[in-house]
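Subject: Structure for your review

Dear colleague,

Please find the structure below, together with its sequence.

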Amino acid sequence: MRRLPSLLILLLLSLRGLASPYTPQADEEVLEQLPRRLAAVPRQGLALPQALGLAQAALQRARQEGDPRELGRAQALLAPWWHLPAPPPAVRLLRASMLQTQHQFDAALQDLDALLASASTPLALRAQAELTRAALLQLRGRWPEARSACTRLAGHSYAALGAAVQVHGRVCLAELDSLQGRNESAAAALAQLARYPQAPAAWILLLRAELAERRGLAEAEALYRQALQAEPSIYTRAALADWLLARRRWAEAAALVLSQQSNQAELMRLPDALLLRLAIAWRAGGDARASEAAAQLQERFEAAALRGDGSAHARERARYALDVRPDAGAALQQAIANWALQREPADAWLLWRAAQLPAAPKPLAAQARQAFEQFRRESGMQDARWSAAS
Amino acid sequence: MKRALMLWLLLLCAGAAQAHKASDAYLILEADATGLSERVDIALRDLDRELQLDADDNGQLSWGELRARAGEIDQLARQGLDMTLTDADGGRCTPQALAPLQIETRSDGRYAVLQRRWQCRAPAQVLTLSYRLFAASDPTHRGVLSLRGPAGAAQTLVLSPDGHATPLRLGAAHSLLSVLRDGVHHIWIGLDHILFLLALLLPAVLVREGNHWRPATRLRPVLLDVLGVVSAFTLAHSITLALAAFEILSPPSRWVESLIAASVLLAALNNLWPLLLHGRWRLTFAFGLVHGFGFASALRELGLQREALAGPLLMFNLGVELGQLAVVAGFMGLVWGLRRRPGYPRWVLGGGSLLIALLALVWLLERSLDLDLLSPR
């Protein structure tokens, strides 16, 4: 239980947005669209393999649908092992993935390091831990460490598991190359890897799309669309929406975001990342609902901050302050806070954009510019969104 | 195992969280003079997962389906939120019947709103909460508690569903009478304010002639002098008390406290080596301004809401004046009786002022240099 008196103002702000409670008029009035109901699961006494299977499925739903309640469900299923300092390797691996999804990167890394350090971790789990760890290190901008992990995966250490692991290792290396400015060779490597039967098709398509966008190539759009078709994830949908937004195709971006919605009037079902793109598209396209979407986002940020999850939204908040309710100071603050957590191309782009704002507070802008320049020098990353301009 | 591995690998590209909001319930508790109003907002999606409210299983929850299960929903909420409330007299407050179920729309969906009153015989004082709503089905669930005490002071707490009992003090109700008493109390325990007044009053019953003091013969000029001094002090500190209470001016407390000590020192020294004999009210007014800021910090400690400050501020000031008047009246009676004693100028005025000056000097050093000279470590 934590005491958060400073959040009082936030609470008051978030209460301000509330209408007072109401009594619906008719019994037939529909109040809520419910997610698919799952088969009832006994709360206690699940054996480990059964609990693991259900928890994995919940984690997958959490990522596909962007619903953190599924993470809570997975954690509940693993409750007997969750708080153990050294749970069984399979639980520990799942715990690391869940912590990563909740932006608890350090705790996730701790679990992954421990799994790789222990001789009793089965080889398949070790490979998975290695790959998860590589993704996490890459996200945090710790590329040399990520590269060693990917090299191990691409080498012979995991040969006993079949060719799939090696292919994943090589995809992972190609991604790192693409981040470090070796654009052509990375693109060629990814295109070649896509032909392997064991290749993770959706992942490769997404990486190729993102790389094509950084290279300023129009083929990015087709790649994004193929990636979305291969696996309709929120991340890919948001990335394609960003591509459309960057080309001022507001109506198409809004339609893409809303295409999964059964009831288009109910914004509350949209995951944050998609609501954000919708708010940008509506605002830029002069849609009458723009302010409603913006207010909803603001409320969500405030509600998340109330429960203590404020920092997990820094990327979205920076974008919000850039493109939804322009606020140079907030954009810089959030972009800098986000940069301390995540260092992917999207984060570098936000940092760069915030630093360019004419109305930006000088010391913050200088800090952002310095961080960005240092990153650009050290990483060698090239991105058409900013390479040409700076 | 290999199949499982492949499935997992596919997950990677999903990247980091596309965070939607996790499950929260909102508890809004407001205490008042006769009890407490309780409001709990629980997401319909959470309730459906727990109670399977969607009776026709069509993926849509209707008002009829929800309303039919209001009793079970309340039962679930009460099991998840174990609450006891005691009043200022130590009595147990009793929960009243649940108000009709209502609905609230929030940014991530609709919520059931459960409201009831808790009745107490005296103002509610201690709230003990143990929260375990959805503990078994979603350990990432949180209760966001907004708690408002009877005086209006509010706090926000985030509750994990861990079932730990947390006692929360709602704070005694600040009735206007109690604020008046606080004002009196503050002047009586505020030795620096009292000594400042005493230093000003000690010579009031004497008249300076050349280098000597002689007892005053007529009461009227003495009372006029005292009235002038006390009025100047009152007017000055009332001004700054109000300015500070409304946060128009808030000088650093170290400066204020040091200047208060300096004012006591100067008033005492003026008795030993009189420089300013006539019109002492001017000096009193100037220093009174500083003392007002000192009163303000005591008022602030009562934790009053800024919107409802005018009444308590007036009562607090009135309390200060009443306390001050009692001190002045008692002391004037005493020194008026003693003024003809031959030792009065030397021992009472001189000795007293010297003692006050010494004490004030120690305060001044302590407060300005942040030392601790008198109290044992």
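The notes below set out the conventions, the confidence and then the findings for chain B.

This is a predicted model, in which local features need pLDDT of at least 70 and side-chain atom pairs count only at pLDDT 80 or more, while totals for chains, interfaces and linings use all residues. Residues are numbered from 1 along each chain as its sequence is written, and chains are lettered from A and ligands numbered from 1 in the order in which they are written.

Confidence. The predictor assigns the complex an ipTM of 0.80 and a pTM of 0.68. For chain B the mean pLDDT (the predictor's confidence in each residue, from 0 to 100) is 83, with 88% of residues at 70 or more. Within chain B, helix 3 (residues 63-67) has the highest mean, 94, and helix 1 (residues 2-11) the lowest, 40. The pLDDT is below 50 over residues 1-19 of chain B, a stretch that has 47 contacts beyond near neighbours in sequence; two residues are in contact if their C-beta atoms, placed from the backbone, lie within 7 Å. Where pLDDT is low, the predicted coordinates should not be read in detail.

Overall make-up. Chain B contains 11 helices and 13 strands (DSSP runs numbered from the N terminus: H or I of at least four residues, and E of at least two). Of its 377 residues, 44% are buried, that is, with 20 or more other C-beta atoms within 10 Å of their own; 12 or fewer is exposed, and in between is partly exposed.

Sheet. Three strands of chain B form an open antiparallel sheet in the order 4-8-11, where pairing requires at least two DSSP bridges. Strand 4 (81-87) and strand 11 (165-169) of chain B are the edge strands. Strand 4 and strand 8 (residues 124-131) of chain B are joined in the antiparallel sense by seven bridges, and Thr84(B) has Thr128(B) as its bridge partner in strand 8.

Helices. In chain B, the axes of helix 7 (residues 219-245) and helix 9 (residues 280-300) come within 6 Å and cross at roughly 40° (lines fitted to C-alpha atoms over the stretch in contact, with angles from 0 to 180 degrees between N-to-C directions). Glu366(B) belongs to helix 11 (residues 344-369) of chain B. Glu366(B) counts as partly exposed because it has 17 C-beta neighbours inside 10 Å.

Yours sincerely
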